[in-house]
Protein chains: 2
Amino acid sequence: MPQVLGHNYIGGQRSAAGTVILHSIDASTGEALPHGFYQATAEEVDAAANAAAAAYPAYRALSAQRRAQFLEAVADELDALDDEFIALVCRETALPTARIQGERKRTSGQMRLFAEVLRRGDFYGARIDRALPERQPLPRPDLRQYRIGLGPVAVFGASNFPLAFSTAGGDTAAALAAGCPVVFKAHSGHMATAERVADAIVRAAQASGMPAGVFNMIFGGGVGEALVKHPAIQAVGFTGSLKGGRALCDMAAARPQPIPVFAEMSSINPVIVLPQALQARAQTIARDLTASVVQGCGQFCTNPGLVIGIRSPQFAAFTEQVARLIGDQPAQTMLNAGTLGSYGKGVQKLLAHPGIEHLAGAPQAGNQARPQLFKADARLLVEGDEVLQEEVFGPTTVFVEVADQAQLNAALHGLRGQLTATLIGEPADFVQFGELTALLEQKVGRILLNGYPTGVEVCDAMVHGGPYPATSDARGTSVGTLAIERFLRPVCFQNYPDNLLPDALKNANPLRIQRLVDGRPSRDSL
Amino acid sequence: MPQVLGHNYIGGQRSAAGTVILHSIDASTGEALPHGFYQATAEEVDAAANAAAAAYPAYRALSAQRRAQFLEAVADELDALDDEFIALVCRETALPTARIQGERKRTSGQMRLFAEVLRRGDFYGARIDRALPERQPLPRPDLRQYRIGLGPVAVFGASNFPLAFSTAGGDTAAALAAGCPVVFKAHSGHMATAERVADAIVRAAQASGMPAGVFNMIFGGGVGEALVKHPAIQAVGFTGSLKGGRALCDMAAARPQPIPVFAEMSSINPVIVLPQALQARAQTIARDLTASVVQGCGQFCTNPGLVIGIRSPQFAAFTEQVARLIGDQPAQTMLNAGTLGSYGKGVQKLLAHPGIEHLAGAPQAGNQARPQLFKADARLLVEGDEVLQEEVFGPTTVFVEVADQAQLNAALHGLRGQLTATLIGEPADFVQFGELTALLEQKVGRILLNGYPTGVEVCDAMVHGGPYPATSDARGTSVGTLAIERFLRPVCFQNYPDNLLPDALKNANPLRIQRLVDGRPSRDSL
């Protein structure tokens, strides 16, 4: 395996000016791994942001085709990483080999999908309103609009996706596609993984002739604050806790120049099990739901943390069924000791609440997470009790039995913003509960029907976002190609001669992209 | 003329619960007009936001076609307002009749343009990724995305556009088009105008069967804070000062649920006069530039506040020419006493600065604004001196003579974000100064060539936005059809049966809109 140096990545160079050394941990044993990582000094954070700023004019000036080739080169480098790399990721995260292999494929696939977006050219948002010299009382000048990258983007990786939401993950891919250099803050939970992936990105950048500062990475605790406050940084992507995300939002908003933060934070992902579905297939639902709750030790932002049904003998039987299944699920190792500690506290909070009953699960103890099932009084939802609004990150879920359809609506109205909501039902249910879609649309980014929210497809139509506190800005998504829009802004050219316009706006339409010309979509040359 | 009641507009009713009475002022004489306006109480602000929230589910559920009809009805009502209305606006603002007639047409035209956007359907951003049941290792579910309105929007009108950036102005039109009910905070400078326009909107809402709370309006000083902090409000549109806009941004960011603010604030709109252009047509440039500086008493956010040229005998002669022209311009009445006071202070600040020379203009005194011309040391720009970065709202501009092309670039690098930048040049200039476009793209929302920034066309390609402090979010525009995107967010449906999908996403494509289907734009049914 290539050596893990543990130095920061700044403008194509490695830098280890600091004296604080961090170690990554074997997630299963808790032992420190041999690699040391140099926490970035204030000067190194500054240098990384400045390197990104220095790269910005050259990088954004590259054609979309060149940026696409870069993203594809990153994808190829990721796919070429060896089995030792996979083993390293598993060691740092306790995630199984097959999962990491799948996640690697997802991560390289994501890079390739953004390359397609760049070639498709709709990200330009090209709009042309041609001059109307004869218009009365005043002529209209020629006006043309396209979109450019905002500038250097700071990205904070997630603990639970060491590849797909980390160094070369969705935020990095979206920012690089948009023409924005990246400064990535490596997650302390998988720093060796981050180094191997950063090496892959740097190799791809060099091979495809990118400016040196197009990608930078810093290690360390507390370095994120200096990064977000750095004047060169123009936007932030973050995946993590509500507390952490909100702190970054507050810092970004308080800057002399406020900048946008796209933080994906906290979601309990309600699953609503409707009566006819329970009549028809309670056993299958119980099995699939349990699998979704414990999948990956429940360490997904789309983990179903709340299951709502209408009081009936069928729902009572269904609850018992799920309780039996949850009780049978094995304990699993979590990503790190901090995650396990938070899980224990979250479970404890549910156990201690007088309105919540514990239905299944062995007492939480030892160094693994034990799946748990709870049942909460519907009042807690209707009245918006904090305990049910907070995500407990791990293999647990809370059942809520509502009295009737009216209380179901009231309970859903009481929910905060979510990434997802799921309806499990039969056609007759969707007739009876027809108003649920409109209600849930106001609460979530994605509504699923007869599926489970874990498993987030990377594609054009995906929305991995939603109203606060699911994210800090419901207008974005951090998965899927729409994610690029977070890092773009429009620029308009008035009365520009053709030869001075960017290719996307030239009369001949040399990029062959679709443009909105005088109010009509067109690929024609003008 | 219909009576001006001065009551707040809440959910289709008028309300005057407060005891603080405000008066609008004759802008030319300074005398109070006979109409009294009831400052909204805390309860009335709450009621207005709640009325908007109550209207949201019904309003956003209306078809785009129905919303388009509403906007067109508003446009018709605006166009039908009588000459007494025009006279009232002129009285409250001291703006000339022809300007207000033009602005009314612009305002109704804006409503009709958003109706076109609603019929065109690209605002939906419809994306469909069809199921791939055979895909290995996992099938892909059917995923479909469209965009919905964020929820109730608070809009703060501008002093300088009593119609086009006010009650029925661009932000209101964009929000209503997006499916968002509006609570409008009437500007204290033209409250009677606001009432007449609100009446027009309410008549249109009633005639087209809109829910009662689709449009609400409150009067008063200090009521904006309660509005922005109200939990029902989901976004804010603002046009005004940097101080005011930033205060709203800070409030919105500090809410339990932060919300986006689109504030258009401060811009000095640099005009760069290149050497060959001066050789070819200095006299025309001097005349047109002076006209742009004093147009509408300089009360435009795109007023050219900074003119940069390269040291030469031609630029010196040009400066003298503009000084003569500015010296000949008559004093004009400003929008209100506050604006005149600010102008006086801004001029005083320029006069007092040791690096700035006064070139033309009678001493500022009396109740009108006198056009002024200044010349500043180039160092002030290169070093980013505050005095040149701040907008002086009124008929004044500052000339800066740079030593050479390198200092020109350095000076432009020192500029903060702007709404516009303008290049005045001949083809040979654009060869010599080819790098300016890329540099200015990073600084501004709109670059003009051989035009003047005052005059903002309402169309698809316009960007009236730009990096901070020109606006609070460079990703938006407050003029043109792209403005609707500020108030939309994506929602994704996974595995939804066709009959439960919104029309925009149904297989048959009943709206005949263009959609991105499996990565390709298409109007076909599926």
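**Close-up views of a predicted two-chain model**

**Figure 1. Strands β8 and β9 of chain A.** A:F184 stands opposite A:M217 in β9(A). This view, like the others, comes from a predicted model. Strand β8 (residues 182–185) of chain A runs parallel to β9(A), and four bridges pair the two. Together with helix α6 (residues 191–207) of chain A, β8(A) and β9(A) form a right-handed β-α-β unit. In a regular strand, side chains alternate between the two faces of the sheet. Strand β9 (residues 215–218) of chain A is covered on both faces. A:F215 and A:M217 are buried on one side, and A:N216 and A:I218 are buried on the other.

**Figure 2. The contact between chains A and B.** Chain A and chain B each put 57 residues into the contact. On the side of chain A that touches chain B, the elements giving two or more residues include the helices α1 (42–61), α4 (97–120) and α8 (242–254) of chain A. Strands β5 (127–129), β6 (143–149) and β18 (444–449) of chain A are also among them. β19(A) gives the most to this side, with six residues. By residue type, the side of chain A that touches chain B holds 31 nonpolar, 12 polar and 14 charged residues.

**Figure 3. The two-fold relation of the copies.**

**Figure 4. A sheet with strands from both chains.** Strands of a sheet pair through backbone hydrogen bonds, in either the parallel or the antiparallel sense. An open sheet of 12 strands with mixed pairing runs in the order β14(A)-β15(A)-β16(A)-β13(A)-β12(A)-β17(A)-β18(A)-β19(B)-β6(B)-β5(B)-β20(B)-β21(B). Its edge strands, β14 (356–360) of chain A and β21 (520–522) of chain B, each pair on one side only. From one strand to the next, the twist averages 25°. β14(A) is joined by four bridges to strand β15 (residues 372–376) of chain A, and these two run antiparallel. The bridge partner of A:A360 in β15(A) is A:L373. Helix α9 (residues 275–294) of chain A lies across β12 (270–273), β13 (306–310), β16 (396–402) and β17 (418–424) of chain A. The helix runs at about 155° to β12(A).

**Figure 5. Strand pairing from chain A to chain B.** β19(A) pairs with strand β18 (residues 444–449) of chain B in the parallel sense, over three bridges. A:Q494 stands opposite B:L448 in β18(B).

**Figure 6. Backbone exceptions in the loops.** Most residues other than glycine have a negative phi, and most peptide bonds are trans. The peptide bond from A:Q136 to A:P137 is cis, with omega near 0°. A:P137 sits in the loop between β5 and β6 of chain A. In chain B, a cis peptide bond joins B:Q136 and B:P137, with omega about 0°. B:C297, a residue other than glycine, has a positive phi near 60°. B:C297 belongs to the loop between α9 (275–294) and β13 (306–310) of chain B, and it counts as buried because 25 C-beta neighbours lie inside 10 Å. B:R512 is not a glycine either, yet has a positive phi of about 55°. B:R512 lies in the loop between β19 (488–494) and β20 (515–517) of chain B, and with 11 C-beta neighbours inside 10 Å it counts as exposed.

Notes
Residues are numbered from 1 along each chain as its sequence is written. Chains are lettered from A and ligands numbered from 1 in the order in which they are written. This is a predicted model: local features need pLDDT of at least 70, side-chain atom pairs count only at pLDDT 80 or more; totals for chains, interfaces and linings use all residues. Two residues are in contact if their C-beta atoms, placed from the backbone, lie within 7 Å. Ala, Val, Leu, Ile, Met, Phe, Trp, Tyr, Cys and Pro count as nonpolar, Asp, Glu, Lys and Arg as charged, and the others, Gly among them, as polar. Two strands pair if DSSP finds at least two bridges between them. Axes are lines fitted to C-alpha atoms, for helices over the stretch in contact, and angles run from 0 to 180 degrees between N-to-C directions. A residue is buried if 20 or more other C-beta atoms lie within 10 Å of its own, exposed if 12 or fewer, and partly exposed in between; C-beta atoms are placed from the backbone. A crossover is right-handed if, with the strands pointing away from the viewer, the path from the first strand over the helix to the second runs clockwise.
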